[in-house]
Amino acid sequence: MNQTKNNEQIFALFRQELSTAIVGEVLDQFGLGAQFLPNAIRPLEARMTIVGRAMPVLFADCFETFSPSGLNPVFAKPFGLMLEALDDLRPGEIFLATGGRNHLAMWSELMTLRAQRLHAAGALVDGCVRDTAALLRMNFPVFCRGSFAQDQRIRGKVVDFRATVEIGTVRVRPGDLVFGDYEGVCLIPQGAEEEVANAALERARKRSDVRRELELGTSAVEIFAKHNMI
């Protein structure tokens, strides 16, 4: 099975069958107890789910459109490497951006149009987005800390992409699986996603059994003793 087809199947499984709550429980069981991004990062609209491969993008603060020193060619470009990072998105990838003080819009309507054309899976920014009304009409998963109109051009530049970044306490590497819903965003290290998915499916089935037993009046103490969950 080729990687693209395998990705599509894994993404569909997470999107249709699982929740971040169940996946988070499994990650804890696997000893991966710090895989959730800060809870301030939320879907732009409550029903949005995001799942795909991380394409990390690193922002840095700037204080003018161009650096007069000319020492760093990245700072001689209006957005640094942002346009290159956007154009480099591959099918099933998520533009995942962090860095700087985040006092600007790190994602926009026009960026979304380009990402959709490239069949990207979504955008997740450790900061704000602009053009919110348009984004909500575009059927493209966007997770962020909120909306803020201030433009990035004279305030922040992308200085690297496809590089390891950190958001909160979570190290994000290129290709890690990103899974988010209304209750949070978790990162599954690349290579562990199938094992995590299978364990999460089994746990979801067990929860169905627990639900039925609770509805029949079984006590919480009995349930936990039998299933080790509640």
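The model is predicted, so local features require pLDDT of at least 70 and side-chain atom pairs count only at pLDDT 80 or more, while totals for chains, interfaces and linings use all residues. Residues are numbered from 1 along each chain as its sequence is written, and side-chain values use heavy atoms, with hydrogens and water left out. The search finds zero disulfides and 16 salt bridges.

**Cysteines**

- A disulfide is defined as a pair of cysteine sulfur atoms within 2.5 Å, and the whole structure has zero of them.
- For Cys128, the closest cysteine sulfur is that of Cys144 at 6.7 Å, which is too far for a bond.
- Seen from Cys144, the closest cysteine sulfur is in Cys128, again at 6.7 Å and too far for a bond.
- Burial is assigned by relative accessible area: buried is under 20%, exposed is over 50%, and partly exposed is in between (1.4 Å probe, protein chains only).
- Cys128 is buried at 14%, and Cys144 is buried at 3%.

**Salt bridges**

- Side chains of opposite charge can pair when their charged atoms come close.
- The rule applied here is a side-chain nitrogen of Lys or Arg within 4 Å of a carboxyl oxygen of Asp or Glu, and the count comes to 16.
- Helices (H or I, at least four residues) and strands (E, at least two) are DSSP runs numbered from the N terminus.
- Glu25 and Arg203 form a salt bridge with an N to O distance of 2.4 Å. Glu25 lies in helix H2 (residues 20-29) and Arg203 in helix H6 (residues 193-215), so the pair ties together parts that are 178 residues apart in sequence.
- Glu25 is partly exposed at 26% relative accessibility, whereas Arg203 is buried at 13%.
- Glu25, Arg203 and Arg207 are linked in a network of salt bridges.
- Arg53 and Glu193 meet in a salt bridge at 2.5 Å, N to O. Arg53 is in strand S2 (residues 50-61) and Glu193 is in helix H6, so this pair ties together parts that are 140 residues apart in sequence.
- Both Arg53 and Glu193 are buried.
- Arg101 and Asp61 form a salt bridge whose closest N and O atoms are 3.3 Å apart. This pair links distant parts of the chain, 40 residues apart: Arg101 is in the loop between strand S3 (93-98) and strand S4 (105-107), and Asp61 is in strand S2.
- Arg101 is exposed at 51% relative accessibility, and Asp61 is partly exposed at 25%.

**Sheet S4-S6-S8**

- Three strands form an open sheet with parallel pairing, in the order S4-S6-S8. S4 and strand S8 (146-147) stand at the edges with a single partner strand each, so one side of each is left without a neighbour in the sheet.
- Two strands pair if DSSP finds at least two bridges between them; strand S6 (residues 128-129) and S8 have two bridges, in the parallel sense.
- Cys128 stands opposite Gly146 in S8.

**Nonpolar surface patch**

- Leu214, Phe224 and Ile230 form a nonpolar patch on the surface, with about 300 Å² of accessible area together.
- Patches are made of residues with over 30% relative accessible area and no salt bridge, joined within 9 Å for like charges and within 5 Å for nonpolar side chains (Val, Leu, Ile, Met, Phe, Trp, Tyr).
- Accessible areas come from the Shrake-Rupley method with a 1.4 Å probe; for residues, only the protein chains shown count as cover.
- Ile230 is in the segment after helix H7 (220-227) and is exposed, with a relative accessible area of 59%.
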